[in-house]
Amino acid sequence: MRDSSTQDYNSLRYIVYLALVSAVLSCSTILYTSLFTARLVRILYATVLIGFYLIRFKKGKKIFHLALIFFWMRDVCAIYYEANLGVFFYFGLGTVAYLLLFFKQLKNLMHLKFEAPSIIATGLFTLACFIILFNLKYLIGDASEGSIVIYYFYFFGTSIIVLILLSIYYYYRMGSLRALVFSFAIFSLMISDVSSYFGYYLGVNPLFLITGVFYIIALVLLINFLVRPSLISEENRIENDLF
């Protein structure tokens, strides 16, 4: 058991090293090459990070594995973003990935007795998220005028919001470091996707630096959430105390 945990920690350490190299490569590509090249590089480091995880940690958590594969497939579709089918599959696969994470995590929490967090705080946060989401068209202006993309983004954004709300409830209910890591992973994905959207439609390329870095952070956090032994054991102790 100890040998297995040691191997897991060593593998997670390698993932961190790969992530650091990926971040440097991503930023360098965005600053000094074209957007198309940056998309290819994103596929490269996503393949390395997700592929290493899937090969090293084969057992269990199949829904989470599937969600990571959908994120990777979305990265591939980004190459063809300017085509109608490309943009459709980019948002569609992203939405499916977020919903897989949502329903899997919801299932994991179903056995716990529901405790409502502050209704006012939750309501205000939800309202703020939807106001921002449905006003993106006006913030961006003419860039998305007459485009169906904004409606794809509405649906896509809604899937992000419900997952964020679930991650907040998860941390509220469990209060574990593992729940916090999951919440930060989802917030990092949100920051990555929103900055990508603004960067593309406003033509502000430096925003893609945020996109790449936070995407890498999100992948590392999700992988740690799934397999880091210390996080899992701590949450198991908390869960046992709840019962």
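Entry 1, surface patch. I take a patch to be made of residues with over 30% relative accessible area and no salt bridge, like charges being joined within 9 Å and nonpolar side chains (Val, Leu, Ile, Met, Phe, Trp, Tyr) within 5 Å. The model is a predicted one, in which local features need pLDDT of at least 70 and side-chain atom pairs count only at pLDDT 80 or more, while totals for chains, interfaces and linings use all residues. I number residues from 1 along each chain as its sequence is written, and side-chain values use heavy atoms, with hydrogens and water left out. I found a nonpolar surface patch formed by Y14, V16, Y17 and L20, with about 410 Å² of accessible area together (Shrake-Rupley method, 1.4 Å probe, only the protein chains shown counting as cover for residues). Y14 lies in helix α1, residues 2–32, and is partly exposed at a relative accessible area of 47% (buried is under 20%, exposed over 50%, partly exposed in between, with a 1.4 Å probe and protein chains only).

I looked up the secondary structure and noted 10 helices and 0 strands (DSSP runs numbered from the N terminus, helices being H or I of at least four residues and strands E of at least two). Of the 243 residues in the protein, 44% are buried.

Taking a salt bridge as a side-chain nitrogen of Lys or Arg within 4 Å of a carboxyl oxygen of Asp or Glu, I noted a count of 4. One of them joins E82 and R39 at 3.1 Å, N to O; E82 lies in the loop between α3 (62–77) and α4 and R39 in helix α2 (residues 35–56), so the pair ties together parts that are 43 residues apart in sequence. E82 is exposed at 51% relative accessibility, whereas R39 is buried at 13%. I also looked at R42 and D75, whose closest N and O atoms are 2.9 Å apart in a salt bridge; R42 lies in helix α2 and D75 in helix α3, so this pair ties together parts 33 residues apart in sequence, and both residues are buried. D193 and R74 meet in a salt bridge of 3.0 Å, N to O, and because D193 lies in helix α8 (residues 177–202) and R74 in helix α3, the pair ties together parts 119 residues apart in sequence. D193 is buried, with a relative accessible area of 5%, and R74 is buried at 0%.
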